[in-house]
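Thanks for making the time this morning. I would like to walk through one model with you, going from the overall fold to the core and then to a few backbone details.

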Amino acid sequence: MGDLSIQDLVVEYSSGGYAVRPLDGFNLDVAAGSLVILLGPSGCGKTTLLSCLGGILKPSAGAIKFGDVDVTSLDAKGLSKYRRETVGIVFQAFNLVP
Ligand SMILES: Nc1ncnc2c1ncn2[C@@H]1O[C@H](COP(=O)(O)OP(=O)(O)O)[C@@H](O)[C@H]1O
Ligand SMILES: [Mg+2]
């Protein structure tokens, strides 16, 4: 198991009466200090995965573990602390307050 461990991750969106499942049982282990590049065509689920890793999207199923922290089981307060202290995000659309 890596320092970051993603296990059986599923994200399902409902869109116009259809279910869209860009992540369907995704697994990845990453060792601390690694540089990881996420590559794939538009719509394949890159932003969805990063949103889960960043603690801003709750996956439908599966687990994300950063060391001892099980991100997917954190409550709102735990997620705030995780976002403040553990991860950094640069958004594609900057999401700045006007
Ligand atoms: N909030 C949402 N509601 C419904 N479908 C979504 C939503 N966000 C993303 N999707 C769909 O999920 C799939 C993956 O999207 P996304 O993670 O943004 O891909 P990428 O970042 O690789 O371009 C696409 O089919 C997209 O249309
Ligand atoms: Mg994207």
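Before the surface figures, a word on terms: accessible areas here come from the Shrake-Rupley method with a 1.4 Å probe. Please also keep in mind throughout that this is a predicted model. With that said, the protein chain exposes about 6900 Å², and carbon and sulfur atoms supply 57% of that area. Of its 98 residues, 26% count as buried.

Let me turn to the fold. The protein chain has two helices and four strands, and along the sequence they follow the pattern β-β-α-β-β-α. The radius of gyration is 14 Å, close to the 13 Å that the globule rule gives for 98 residues, so the chain is as compact as a globular protein of that length. Taken along the principal axes, the C-alpha atoms fill a box of roughly 40 × 40 × 30 Å. If we consider contacts between residues at least 6 apart in sequence, 52% of them join residues at least 24 apart. As for charge, the chain carries 8 positive and 9 negative side chains, and the centres of these two sets lie 8 Å apart.

Now to the interior. In soluble globular proteins, nonpolar side chains tend to be buried together. Which residues touch the most other members of the largest nonpolar core here? That core has 13 residues, and the ones in question are Leu4, Ile6, Leu9, Leu49, Leu53 and Ile64. The elements that give two or more residues to this core are strand 1 (4-15), strand 2 (18-30), helix 1 (46-53) and helix 2 (76-85), and strand 1 gives the most, with four residues.

Leaving aside its neighbours within four places in sequence, Ile6 is in contact with Phe26, Asn27, Leu28, Asp29, Leu49, Leu53, Ala63 and Ile64.

Just after helix 1, Gly55 takes a positive phi of about 75°.

That brings me to the backbone. Most residues other than glycine have a negative phi, and most peptide bonds are trans. Asn95 lies in the segment after helix 2 and is exposed, with a relative accessible area of 53%.

Finally, is Leu96 buried or exposed? Leu96 is found in the segment after helix 2, and with a relative accessible area of 68% it counts as exposed, because the cut-off for that word is over 50%. Leu96 and Gln7 are 89 residues apart in sequence, and their C-alpha atoms are 32 Å apart in space.

I will stop there, and I am happy to go back to any part of the model.

Definitions and conventions
Residues are numbered from 1 along each chain as its sequence is written. Chains are lettered from A and ligands numbered from 1 in the order in which they are written. This is a predicted model: local features need pLDDT of at least 70, side-chain atom pairs count only at pLDDT 80 or more; totals for chains, interfaces and linings use all residues. Side-chain values use heavy atoms; hydrogens and water are left out. A nonpolar core is a set of buried Ala, Val, Leu, Ile, Met, Phe, Trp, Tyr and Cys residues joined through side-chain atoms within 4.5 Å. Buried means under 20% relative accessible area, exposed over 50%, partly exposed in between (1.4 Å probe, protein chains only). Contact means heavy atoms within 4.5 Å. The radius of gyration is taken over C-alpha atoms; the globule rule is 2.2 Å times the number of residues to the power 0.38. Lys and Arg count as positive and Asp and Glu as negative; His and the chain ends are not counted. The place of a charge is taken as NZ of Lys, CZ of Arg, CG of Asp or CD of Glu.
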